Amino acid sequence: MDDELLTIGAFAARTRLSAKALRLYDRLGLLSPARVDGPTGYRYYRADQAERARLVALLRQLDMPLARIAEVVGAEGAEAADRLAAYWAAVEARVAGQRTLAEYLRGRLSGRSSEMYDRFVIETVDVPARVVLSESRHTLADELPTWIGASLGRLEAAARECGGVTGAPFVVYHREVSMESDGPAESCVPVADEAAARSWAGRQGHTWRTRVRTEPAVRLAYTRITKAQVAHPQILAAFEAVEQWIAGEGLEVAGPCREVYFADWDAATAEDPVCDVAFPVR
């Protein structure tokens with residue numbers, strides 16, 4: 001046995017890991033000993049387990065969640081590399097968002113908010129009353145983009161049974177959506193045939209919290225932003241710029257804020273205008 005297996009101390013020395021770390025990996029199911037002696041509880045490892053032990057330790061240095069580590073070490077070759085690449089791409093996206101948020105907050109804290117707001121052109125538009133198919137959900141900010149895409153896709157598909165889409169889809173925020181507040185948000189698609197829309201919604205039950213309602217005529221104060229600016233937290237500056245303009249013009253906010261998506265999202269580049277950030281005003 002001594003020629004084939006290593007004690008936990010010997011294996012720890014070979015892998016440059018502590019016995020405590022090896023016990024943790026065993027408890028988490030990431031690296032189990034090749035053999036555990038029943039009477040003594042001593043752990044023994046094969047020499048060829050050293051590579052897996054070092055890999056687990058390196059992945060933990062990336063702050064990778066234990067469940068993701070298990071996925072990586074459980075895969076082989078290119079699949080394992082692809083899983084690591086997917087994890088790291090998500091980390092870089094998150095850090096990029098945090099970097100942008102830090103820059104935004106630095107601007108606010110240093111009193112340079114007006115400089116940020118001056119980059120946005122604010123206009124008003126009168127929108128007539130229309131019938132909309134809508135879907136509501138309580139959601140936090142990290143899940144919001146995925147839900148918006150999915151819900152608008154479902155509603156636009158349904159609109160084909162309801163006389164077609166008659167205006168730009170939009171998302172209404174009835175309460176704040178952030179990492180601490182979950183709205184709700186409401187995706188809306190204007191449709192031509194109210195009777196067909198109500199029939200369609202009635203067949204859906206409560207699966208997607210779908211309903212038909214009449215959106216009243218409204219005047220919107222809005223600013224147009226690019227696809228890159230839609231991302232959080234860049235979009236916060238757009239909302240605040242519109243709010244500041246409304247106050248400066250002596251107007252009042254007359255309803256919940258919204259995002260109006262007037263362009264083909266998938267076909268747009270990062271610099272293409274795709275969305276109006278808007279508030280109803282009176």
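**Entry 1: the largest pocket**

I sorted the lining of the largest pocket and got 25 nonpolar, nine polar and eleven charged residues. Here Ala, Val, Leu, Ile, Met, Phe, Trp, Tyr, Cys and Pro count as nonpolar, Asp, Glu, Lys and Arg as charged, and the others, Gly among them, as polar. I note that this is a predicted model, where local features need pLDDT of at least 70, side-chain atom pairs count only at pLDDT 80 or more, and totals for chains, interfaces and linings use all residues. Residues are numbered from 1 along each chain as its sequence is written, and side-chain values use heavy atoms, with hydrogens and water left out.

I looked up the volume of the largest pocket: about 1,500 Å³. A pocket is an open set of points on a 1 Å grid over the protein atoms alone, where a 1.4 Å probe fits, with protein on both sides within 12 Å along at least five of seven lines; lining residues have an atom within 4 Å of a point. A volume is the space filled by probe spheres set on the points.

Which residues lie nearest the centre of the largest pocket? I found Leu 144, Pro 145, Val 230, His 232 and Ile 235, out of 45 lining residues. α5 (77-109), α7, α10 (234-248) and β10 each supply at least two lining residues. Helices (H or I, at least four residues) and strands (E, at least two) are DSSP runs, numbered from the N terminus.

**Entry 2: the second largest pocket**

I read about 250 Å³ for the second largest pocket. α5 and α10 are the elements that give two or more residues to its lining. α5 has the largest share, three residues. The lining includes Thr 100, Tyr 104 and Phe 120.

**Entry 3: strand β10**

I checked both faces of β10 (residues 258-261). Arg 258 and Val 260 on one side, and Glu 259 and Tyr 261 on the other, are all buried. Buried means under 20% relative accessible area, exposed over 50%, partly exposed in between (1.4 Å probe, protein chains only).

β10 runs antiparallel to β6, with three bridges. β10 also pairs with β11 (residues 273-281), antiparallel, over four bridges. Strands pair if DSSP finds at least two bridges between them. I found Arg 258 opposite Val 172 and opposite Ala 278 in β11.

**Entry 4: Thr 166**

I located Thr 166 in the loop between α7 (144-159) and β6 (170-173). Is Thr 166 buried or partly exposed? Thr 166 is partly exposed, because its relative accessible area is 48%. Beyond its neighbours within four places in sequence, Thr 166 is in contact (heavy atoms within 4.5 Å) with Pro 190, Val 191 and Ala 192.
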